[in-house]
Amino acid sequence: MEEEKLKKEKSDLWEWIKALIIAFLLAALIRFVLFTPIVVDGESMMPTLESGERMIVNKLNYKVGDIQRFDIVVFHAPEKKDYIKRVIGVPGDTLEYKNDQLYINDKKVNETYLQDYKNQIVDGGTLTEDFSLLDYTGKKIIPKGYYFVMGDNRRNSKDSRHIGLVSEEKIVGKASVVFWPIENFGTID
């Protein structure tokens with residue numbers, strides 16, 4: 001009887017250990033392979049994202065699909081930090097801003113996510129200064145495997161205008177869900 005009780009206790013203990021190991025492995029898989037949390041640091045993505053908001057970054061999204069124009073992505077920046085910005089240009093695009101208007105492949109593109117912010121500018125200036133993207137060949141084209149990213153707060157954003165194009169290998173994933181503060185919980189565009 002005593003021996004049976006001891007065997008059952010060992011069996012129960014072993015089951016608990018296996019359950020804990022499986023839970024740990026699943027948590028590690030989710031955290032390091034599928035999703036990761038990030039804290040928005042700074043004002044470069046205002047008004048879309050506020051400094052201090054916590055988000056979930058989907059790391060799997062780009063392993064099975066393509067990076068799309070206007071996705072909000074997290075990437076490893078040159079300063080050994082992770083930045084969060086919006087994809088403006090994708091491989092093959094030409095890119096230009098004139099009079100606060102985006103042109104991709106010589107076609108006018110409306111950035112509806114910026115319209116309310118542009119309407120709030122009271123100093124008569126523009127949200128985005130004029131520029132053209134030129135690569136090392138002197139052509140205005142984004143090469144394969146690279147992306148042009150910008151913060152939504154164009155006046156206060158260190159982005160591809162300053163750090164250059166972002167390689168696909170540096171992109172961690174797509175940021176699309178705010179989970180904290182709870183009153184801001186939801187998906188973003």
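Predicted model: local features only at pLDDT ≥ 70, side-chain atom pairs only at ≥ 80, totals over all residues.
Let me begin with the largest pocket, which has a volume of about 260 Å³; a pocket here is an open set of points on a 1 Å grid over the protein atoms alone, where a 1.4 Å probe fits, with protein on both sides within 12 Å along at least five of seven lines, and the volume is the space filled by probe spheres set on the points, which are joined across faces, edges and corners. Of the 14 residues that line this pocket, the closest to its centre are Asp-41, Ser-44, Lys-81, Asp-82 and Tyr-83, where a lining residue has an atom within 4 Å of a point. Strand 4 gives the most to this lining, with four residues, a strand being a DSSP run of E, at least two residues long, numbered from the N terminus.

Residues are numbered from 1 along each chain as its sequence is written, and side-chain values use heavy atoms, with hydrogens and water left out.

Turning to the sheet, four strands form an open one in the order 7-6-5-8, with antiparallel pairing, where two strands pair if DSSP finds at least two bridges between them. Strand 7 (107-109) and strand 8 (131-132) stand at the edges, each with a single partner strand, so one side of each has no neighbour in the sheet.

Strand 5 (residues 95-98) is joined to strand 6 by four bridges, and Tyr-97 stands opposite Leu-102 in strand 6. Leu-102 also has a bridge partner in strand 7, namely Val-109.
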